[in-house]
Amino acid sequence: MTASAKGARAGGRAGAGGAPRQASLEELGRPLSDLTFVVVDLETTGTAAATSEITEIGAVRVRGGEVLAEMSTLVRPSGPIPALVSVLTGITDAMVVEAPGEAEVVPTFLEFARGAVLVAHNAPFDLGFLRAALERCGYPPPTWEHLDTLRIARRVISRDESPDCRLGSLARLFRSTTEPSHRALADARATVDVLHGLFERLGNLGVHTIEELHDFSARVSPAQRRKRHLADGLPTGPGVYVFRDPQGRALYVGTSRSVRTRVRNYFTASEPRTRMAEMIALADRVDAISCAHALEAEVRELRLIAEHKPPYNRRSRHPERAIYLRLTDEPFPRLSRVRDLRDDAVALGPFTSVRDAQDAADALHAAVPLRQCTGRLSPRVQRPACALADLGHCGAPCDGREDVATYAGHVTAARAAITGDPTPVIDAATRRMDRLADQGRYEEAAHERDRMVSFVRAAARGQRLAALTAITELVAAAPTADAGWDLTVIRRGRLVSAVTVAPGIDPRPWVDAAVASAETVLPRPGPAPCASVAETERLARWLAGPGVRLVRLEGTWSWPVIGAERAAGRFAALTRAATATAGSH
C-alpha cells in the first residue's frame, strides 16, 4: 500500500502537494493555559434542583491564571428561604426581596459564561440547578463543557495531604486568599485558587490539555506515568502504533486519529482493562506508522495484527482460522469444511466457529438432499445406502438410485442458494419451525431458526465479499471535516493506495497519482483472495458510509437482487428480539 500524501511526522501531517500542515486542535488537544474558565458557585433554598431555587450566583471568569471578570448577584426565589438555609448562608428573605428573579439573572449568566468551560466544586449540584433554571426560563438544554474540582481533587490529593476534599480543606491546602463562607462569590474565588493549584499538580503528571484532564485518573500507577515519554515524537495525525517489549516483539497494535494523543493516554488515563496495564508494564518502546487517513490506519492495523499476532490484541489475530463450507470437486459433490480455498469452488462462509458452520450445513441439507457421507463416490462402484436415504434426506447416489446427471440438480440448487437466492433454505426451515411450534416444541423450533439464520448470514457475507473482490479497480472519495477529500484505491477487495487531499485543491490529479502508485494485485481464488476477510469487510463498510462517492469503477459492483442480503437484515432483527426475550426471563 502506498500513500502519496502521507508525509506525517511528529510535527504535523501532510496534505495534497506533500507540504506539511499544522496539526489541528483536535489532534493536539487544547492547552489548559489557553482556555477560558468560568468558575461558578450557587446558594440555593435546598438540595434538590427540581423543588428548590437559586438564591445567589457568584462567578469568576479566568484565563491563563488571571481573573478577567467577576459576577455576583442575589436571586429572588418564588418562595421563602428555609430558616436552616438562612442560618447556613446568611441570606434572608429580606435580602432577596428586591433582588432580580431568575428570569433576569439567567440571561446575564449565559452571556457571562459564553465560550468558556464551566468549573464548580461538586459540579453536578451547581449545574443541576442551572439546568433547572434554564428550563423554567424557556431556554434549550445546555451543552456546557465542565470540570469538577471535587472530582479532580479526589484523583490528585492524598489523605496525607488533606483529610477530605471539601472546598474549605482544599482552600487551606492550596493557601487560597479567600476563605469559603457559603456565599457564592467568596466560594467561587476560593474554587479558582483550588483549580489553579490542581492544574499545577496535573502539569507535573504530564496533563497539559483539557482532553488529557478529562481522561486523567489517579488509578494510573506512578510507574505507568513514568513511561509517558514513549509518546514523545509520535505523529499527531492518523496512524498505527505498536507497543514493543525490550526484545522488539509486538505486544499490542492499535490505531487512532491522533497517534500521539492516544498513546499518551495509556500513561495518563484510567485503563479499565487489566491486560492493558500488564502490557504497558512490559512495553519498552512505541513505534508508529503515519497514514493518509483513518481508513488506511484501520487496514494497516488489521494487517499488522495478523502478521505479528500480538499477545494483547484479542481480535483479528488469526484470520487463517476462518472456516468455509466448500462443495467438493467430484462426480457426487458434498459439503466439506475447510480453512483454505485454493480454487474457485463454490463455498459458503466464512464462519468464525465450527458450530455456526455446522448449523448452516444442516440448514442447507434440510432443503437440498446433498449427500452427507464423507467418502468419495464413484459412478461405477456402488455401496449400500445409509439411513439418511430411507428418511428421504439423501438421494442415495451411493447405491445407484441417482446418477451423476440427476445428482447434479441438487448441486445446482445448493450452488444457487449459496451464491444467489436462499429462499429454498428459508422456506424449508420455516416449514419445520411451523410444524414444531404446532407440536409445542418451541426450543427445537428456535434451533431450526438459528440454523437458518446461520446459513443466511454466511450466504450474505459471502455474496458481499464476492461482489467487492470481483472488482478489478475501484476509486472512492469521502469528504473530510475541513472540506478536503480522503481518497482510496481498492483492487479486488484490497486497499492498495490512500491519499488525503487538502481543501481547495483539485482532487483529480491526486486520483491519477494514487492509481499510478497503487500496489499491483493479481486475481486469486477464494471469497477474499487478496486481503483478509476483515479488511475487505472494513472497506465495504467505509464505502457504504455517509458522503462516500465512487470516482472510478472498472466492472460492476452489485449484489443479487434476490440474494441473501435482503433476508439477512430481517433475520438479524428477529434474532436480536429473540435474544432480548430470552434474557428477560
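Predicted model: local features only at pLDDT ≥ 70, side-chain atom pairs only at ≥ 80, totals over all residues.
1. Residue V194 lies in helix α8, which spans residues 184-204. With a relative accessibility of 0%, V194 is classed as buried, because buried means under 20% relative accessible area.

2. The surroundings of V194 include residues from elsewhere in the sequence. Beyond its neighbours within four places in sequence, V194 is in contact with T149, L167, L170, A171 and F174.

3. R334 is placed in the loop between β11 (323-327) and β12 (335-338). Its relative accessible area is 17%, and R334 therefore counts as buried, the limit being under 20%.

4. The side chain of R334 has a polar atom 3.2 Å from the backbone oxygen of T374. T374 is also among the residues that R334 touches when those up to four places away in sequence are not counted; the others are R326, L327, T328, R371, C373 and G375.

5. Helix α16 (residues 404-419) packs against helix α18 (residues 442-469) at an angle of about 75°, and their axes are 8 Å apart. The two helices are therefore roughly perpendicular, a term that covers angles of 65 to 115 degrees. On the α16 side the contact is made by A417, I418 and T419, and on the α18 side by F455, A459 and Q463. By class, the residues of this contact comprise 4 nonpolar and 2 polar, with no charged residue.

Notes: Residues numbered from 1 in each chain as written. Heavy atoms only, no water. Helix = DSSP H or I, 4+ residues; strand = E, 2+ residues; numbered from the N terminus. Buried < 20%, exposed > 50% of the residue type's maximum accessible area, 1.4 Å probe, protein only. Contact = heavy atoms within 4.5 Å. Polar contact = N/O pair within 3.5 Å; in protein donor to acceptor, adjacent residues only side chain to side chain. Axes fitted to C-alpha atoms, helices over the stretch in contact; angles between N-to-C directions. Parallel < 35°, antiparallel > 145°, perpendicular 65-115°, else oblique. Nonpolar A, V, L, I, M, F, W, Y, C, P; charged D, E, K, R; others polar.
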